[in-house]
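I opened the model to see what could be looked up in it. My entries follow, in the order I made them.

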Amino acid sequence: IIGGQPAHVADSPWVVAVSSRDRFGGTRAGQFCGGVVIAPAKVLTAAHCLGREVLGSEASEVRDLLVIAGRDELRGAGGQEIAVRGTWINPGYDPDSNAGDLAVLTLSRELPDSSVVRMAKEGDTAYEPGTRAQVYGWGDTTGGGTYASALRVAPVQVLPDQMCEQAYPGGSDGAYEAGTMLCAGDPEGGHDACQGDSGGPLVARGRLVGLVSWGNGCGQADSPGVYTRISAAIDWMAGH
Ligand code: 4AZ
């Protein structure tokens, strides 16, 4: 998280860390992505967090995955470490374009109902450009590989699709696709998600609107953050 400040899971209990047992211990407790609680035993994260680059090197099996809930400071002892029982990758996920970048983790035990986030539906006013939003995570705070050990939040805003279409017309930085992605950031630069925040929540008007997915660098005015658009996947999630 670039340009953020400390956040507390007491105020945002749906934010969780996705971690691997293989790497457990250390300052990040194995954390490599963020996630968000959408039902007592279901956590949403980015599909690319479970892609070969992660599963191959950090969590080679589902049994290596842990969700850390209710804990701000990853080195701390509060909250719970919950094993993951299964993963569902969005069948619409395209690893080449990052379209539909979302997966559901089924937990081995339930979190309280009070931890469950509300999701924004298609047409919700939370998607209107200019809406203030917050992005949460334990990722890089500088763009130079300095990871947070305690949860952070940054203020961003929902941006017009055209801003991301312009920034990401295709080619080496990838292509923005308005149907399945959401554009958000700081038009002046300085506030953004970054590496290690992937899969974590973007919340506007108290509802989950996106998941951290990709972008060119972090916090640059002309390279907004690209998020997975929650409303585009709500039917698929309801089916599970
Ligand atoms: C990443 O590498 C990443 N600034 C995540 C988010 C953003 C850039 C990169 C958005 O996981």
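**Entry 1: the whole chain**

I began with contacts (two residues are in contact if their C-beta atoms, placed from the backbone, lie within 7 Å). Among contacts in the protein chain between residues at least 6 apart in sequence, 69% join residues at least 24 apart. I noted that this is a predicted model, where local features need pLDDT of at least 70, side-chain atom pairs count only at pLDDT 80 or more, and totals for chains, interfaces and linings use all residues. I also noted that residues are numbered from 1 along each chain as its sequence is written.

Next I looked up the extent of the chain. The C-alpha atoms fill a box of roughly 40 × 40 × 35 Å along the principal axes.

I then looked up burial. A residue is buried if 20 or more other C-beta atoms lie within 10 Å of its own, exposed if 12 or fewer, and partly exposed in between, with C-beta atoms placed from the backbone. Of the 240 residues of the protein chain, 50% count as buried.

I listed the helices and strands as well. Helices (H or I, at least four residues) and strands (E, at least two) are DSSP runs, numbered from the N terminus. The protein chain has three helices and 13 strands.

**Entry 2: the barrel**

I followed strand pairing (two strands pair if DSSP finds at least two bridges between them). Strands of a sheet pair through backbone hydrogen bonds, either parallel or antiparallel. Here six strands form a closed barrel in the order E2-E3-E4-E7-E6-E5, with antiparallel pairing. From one strand to the next the twist averages 40°. For such angles, axes are lines fitted to C-alpha atoms, for helices over the stretch in contact, and angles run from 0 to 180 degrees between N-to-C directions.

I took E2 next. E2 is largely enclosed by the rest of the structure, because six of its six residues are buried. Val15, Ala17 and Ser19 point one way from E2, Val16, Val18 and Ser20 point the other way, and all are buried.

E2 pairs with E3 in the antiparallel sense over five bridges, and Val16 stands opposite Gly35 in E3. E2 also pairs with strand E5 (residues 65-69) in the antiparallel sense over five bridges. There, Ser19 stands opposite Leu66 in E5.

Strand E3 (residues 31-39) is joined to strand E4 (residues 42-45) by three bridges, and the two run antiparallel. Val37 stands opposite Val43 in E4.

Is Val84 buried or exposed? Val84 counts as buried because it has 24 C-beta neighbours inside 10 Å. Its place is in strand E6 (residues 80-89). Leaving aside neighbours within four places in sequence, Val84 has contacts that include Val62, Leu65 and Leu107.

Ala47 lies in the loop between E4 and helix H1 (52-57). With 26 C-beta neighbours inside 10 Å, Ala47 counts as buried. Ala47 and Ala103 are 56 residues apart in sequence and 4.8 Å apart in space, C-alpha to C-alpha.

His8 is in the loop between strand E1 (5-6) and strand E2 (15-20). His8 is exposed, with 12 other C-beta atoms within 10 Å.

**Entry 3: strand E10**

Strand E10 (residues 181-185) is mostly covered, with five of its five residues buried. Met181, Cys183 and Gly185 point one way from E10, and Leu182 and Ala184 the other way.

Two bridges join strand E9 (residues 152-158) to E10, and these run antiparallel. Gln157 stands opposite Gly185 in E10. Four bridges join E10 to strand E13 (residues 225-229), also antiparallel. The bridge partner of Leu182 in E13 is Tyr227.

**Entry 4: around the ligand**

Which residues are around the ligand? They are Asp192, Ala193, Cys194, Gln195, Asp197, Ser198, Val212, Trp214, Gly215, Cys218 and Gly225. A residue is near a molecule or strand if its C-beta atom, placed from the backbone, lies within 6 Å of it.

By class, this shell has five nonpolar, four polar and two charged residues. Ala, Val, Leu, Ile, Met, Phe, Trp, Tyr, Cys and Pro count as nonpolar, Asp, Glu, Lys and Arg as charged, and the others, Gly among them, as polar.
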